[in-house]
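The entries follow the order in which I went through them.

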Amino acid sequence: MSDDFLRIDHVSKHFGVVSAVDDAVLSIARGEFFALLGPSGCGKTTLLRMIAGFEHPETGDIFVEGQRITDLPPNLRPSNMVFQSYAIFPHLDVFDNIAYGLRKARLAKTELARRVDEALAMVRLEGFGGRTSDQLSGGQRQRVALARALVKRPKVLLLDEPLGALDKRLREAMQIELRQLQKSVGITFVFVTHDQEEALSMSDRIAVMSGGRILQVASPRELYERPNCREVADFIGEMNFFAAGEIGVAGLAAIRPEKISLSRDSGRMRGAIASVAYLGERSHYGVAVAERAEPIAVAAQNTARNGFAVGDTVWLSWDAESVVVLPD
Amino acid sequence: MRGKGLLVYAVLYLAFLYVPVLFLPLFSFNASVFIAFPLSGFTTQWYAQMAADGAMLRALGNSLEVGAAAAAISTLLGLLAAKALTRYRVPGGGAILALTSLPLFIPDIVLGIALLIALTAAGVPLSLVTVIAGHCLICVPFAITVLISRFEGFDKSLEEASLDLGENGWITFWRVTFPLALPGIVSSLLLTFVVSFDEFLIAYFLAGDDATLPIYIWGQLRFPYKLPSVLALGALILVASAVLVVLAEWVRSHGLKARRHAMVGA
């Protein structure tokens with residue numbers, strides 16, 4: 001594995017006065033499933049489009065396998081893209097959509113058909129070659145877009161919110177399928193999403209972006225357990241923040257709700273249950289603590305005998321290693 | 001009753017629109033120079049007279065030529081403008097669109113006189129070429145309008161997908177943009193052809209010695225015995241227009257279908 005397979009080297013881009021991407025530095029490994037995660041307008045799509053060649057960085061360079069591709073037009077780049085809208089050509093059937101990018105390869109008819117059928121089989125759409133885009137469901141259209149890009153055997157597959165247009169159940173099924181597909185073809189996937197669960201469950205590594213800047217690049221676990229700043233901690237999952245000194249830490253500290261346990265007898269901090277949300281296997285509590293405006297969020301597994309009610313006095317405790325210290 | 005009143009209105013409106021037009025073919029087969037009831041018998045002599053009228057056929061030929069050229073040129077220009085305005089960040093795009101649309105709002109008689117003065121001052125001889133140029137001015141706004149709405153009707157990531165799959169801009173135009181814009185291109189060609197074909201004022205000022213059909217017909221109205229053959233020609237043009245309208249409608253509805261495909265999932 002070369003760490004420098006896809007390298008984004010101090011890339012910046014403005015739209016008018018707005019900084020879309022601000023000095024982005026990334027190194028993506030061969031075969032990695034890499035997510036660009038952030039709220040809308042954070043610059044993740046612009047960064048993806050710069051890798052594809054649809055936007056040109058004002059400063060900085062992009063390299064694939066050490067080759068500078070910054071000035072190459074999209075049609076000469078070793079990447080292919082799955083568009084958010086899927087962009088299935090409406091005037092062509094599924095077969096011709098998938099064969100679209102193979103024209104230049106000048107394959108014999110049988111070889112072309114074999115490649116297209118292979119791609120259809122890969123996304124489990126055997127026999128769909130004769131359909132047009134309006135005869136496909138959203139999920140099928142997404143598979144066609146995937147097949148059309150993968151049939152080109154790109155070095156990098158770029159996916160722009162690939163699951164955004166699908167309903168929740170289909171999205172969850174496609175997350176697993178996309179992940180399996182990526183492992184089986186071994187192509188580097190770079191995908192853009194605003195959905196943190198999607199990013200956490202699918203990716204090898206994630207770059208969290210905000211306001212055009214890359215805040216942190218890490219594995220899902222590390223991102224969740226060791227966020228490097230308040231913004232990342234806040235964006236990924238739920239988090240309780242404690243001001244300097246509040247829990248005996250010199251700087252800003254943070255603890256995840258599920259890392260805090262409740263007890264009736266003893267603990268580090270005393271409070272009163274202010275709210276209860278029962279969610280079946282677990283409950284979310286809001287615990288009011290003296291001299292603190294915001295209640296502390298606690299997520300506890302429900303057992304037969306640990307239920308708390310609003311008004312109950314409780315003690316909160318946590319392990320020292322659950323405390324994340326953040327820069328102010 | 002309100003429903004009945006509306007029905008009467010609708011019938012009257014349609015009658016006013018279509019009955020006079022239908023008089024054209026009716027009287028073109030009437031065996032009398034005078035256009036009046038009662039009809040005095042069936043004849044095809046006016047069609048024969050029309051076919052033998054060299055000047056009229058020449059005028060028809062001129063109009064077809066001017067219309068075809070104006071339609072082709074203005075649609076090509078409209079295509080380029082629509083592509084630029086919908087696909088690229090054009091500085092001052094809105095202003096450009098407004099400026100090219102101006103001929104829609106200037107009375108044709110003003111535009112005709114202004115062009116005549118300018119062309120004469122520049123020493124350009126008046127001919128069908130100057131008519132074509134003048135007609136392009138008034139046709140381009142129609143072409144741009146039709147084509148912009150067509151371009152906005154399909155996802156621009158379709159063109160990006162083609163680039164992404166390895167085709168350059170030129171091939172992308174032929175493999176994606178052109179087939180998807182085709183219904184708009186055909187609509188634009190038909191519309192601009194019709195605008196040019198029946199345009200009178202600008203042609204009148206810029207035609208020089210070569211009359212287009214509207215100018216020729218206007219000139220013939222002074223001679224009552226020539227009127228029936230004008231009716232015969234009018235009837236034929238009517239049939240041709242009907243065919244064109246049906247054709248355009250077919251293309252349009254076809255285009256709508258393709259557009260629905262293009263919009264799905266966008």
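Entry 1: I began with strand 9 of chain A and strand 10 (residues 213-218) of chain A, which run antiparallel and are joined by 5 bridges. For my own reference, helices (H or I, at least four residues) and strands (E, at least two) are DSSP runs numbered from the N terminus, and two strands pair if DSSP finds at least two bridges between them. The two strands form a hairpin with 2 residues between them, and A:Gly211 in the turn has a positive phi of about 55°. I noted that A:Ala207 has A:Val217 as its bridge partner in strand 10 of chain A.

**Entry 2: what I am reading.** This is a predicted model, in which local features need pLDDT of at least 70 and side-chain atom pairs count only at pLDDT 80 or more, while totals for chains, interfaces and linings use all residues. Residues are numbered from 1 along each chain as its sequence is written, and chains are lettered from A and ligands numbered from 1 in the order in which they are written.

**Entry 3: the other partner of strand 9.** Strand 9 of chain A also pairs with strand 3 (residues 33-37) of chain A, in the parallel sense and over 4 bridges. Here A:Leu36 has A:Ala207 of strand 9 as its bridge partner. How many residues of strand 9 (residues 205-210) of chain A are buried? I found 5 of the 6 to be buried, so strand 9 of chain A is largely enclosed by the rest of the structure. A residue is buried if 20 or more other C-beta atoms lie within 10 Å of its own, exposed if 12 or fewer, and partly exposed in between, with C-beta atoms placed from the backbone.

**Entry 4: an open sheet in chain A.** I then turned to an open sheet of 5 strands in chain A, ordered 13-17-14-15-16, whose pairing is antiparallel. Strand 13 (261-263) and strand 16 (296-301) of chain A stand at the edges with a single partner strand each, so one side of each is left without a neighbour in the sheet. From one strand to the next, the twist averages 45°. Strand 13 of chain A and strand 17 (residues 313-317) of chain A pair over 3 bridges in the antiparallel sense, and A:Ser261 stands opposite A:Ser317 of strand 17.

**Entry 5: chain B as a whole.** Chain B has 11 helices and 0 strands. Its C-alpha trace spans about 70 × 60 × 35 Å along its principal axes, and buried residues make up 36% of its 266 residues. Two residues are in contact if their C-beta atoms, placed from the backbone, lie within 7 Å; among contacts in chain B between residues at least 6 apart in sequence, 80% join residues at least 24 apart.

**Entry 6: helix 6 and its neighbours.** Helix 4 (residues 93-101) of chain B and helix 6 (residues 128-152) of chain B pack at an angle of about 135°, with their axes 8 Å apart. Axes are lines fitted to C-alpha atoms, for helices over the stretch in contact, and angles run from 0 to 180 degrees between N-to-C directions. Helix 4 and helix 6 of chain B are therefore oblique to each other, given that angles under 35 degrees count as roughly parallel, over 145 as roughly antiparallel, 65 to 115 as roughly perpendicular and the rest as oblique. B:Leu97, B:Thr100 and B:Ser101 of helix 4 make this contact with B:Val140, B:Pro141 and B:Ile144 of helix 6.

The axes of helix 6 and helix 8 of chain B come within 9 Å and cross at roughly 155°, which makes helix 6 of chain B roughly antiparallel to helix 8 of chain B. Among the residues that meet there are B:Phe142 and B:Val146 in helix 6 of chain B and B:Ala181 and B:Leu191 in helix 8 of chain B.

**Entry 7: a loop residue.** B:Leu104 lies in the loop between helix 4 and helix 5 (108-121) of chain B. Is B:Leu104 buried or exposed? With 11 C-beta neighbours inside 10 Å, B:Leu104 counts as exposed.

**Entry 8: where the chains touch.** I ended with the interface, where 21 residues of chain B are in contact with 24 residues of chain A. On the side of chain B that touches chain A, helix 7 of chain B gives the most, with 6 residues.
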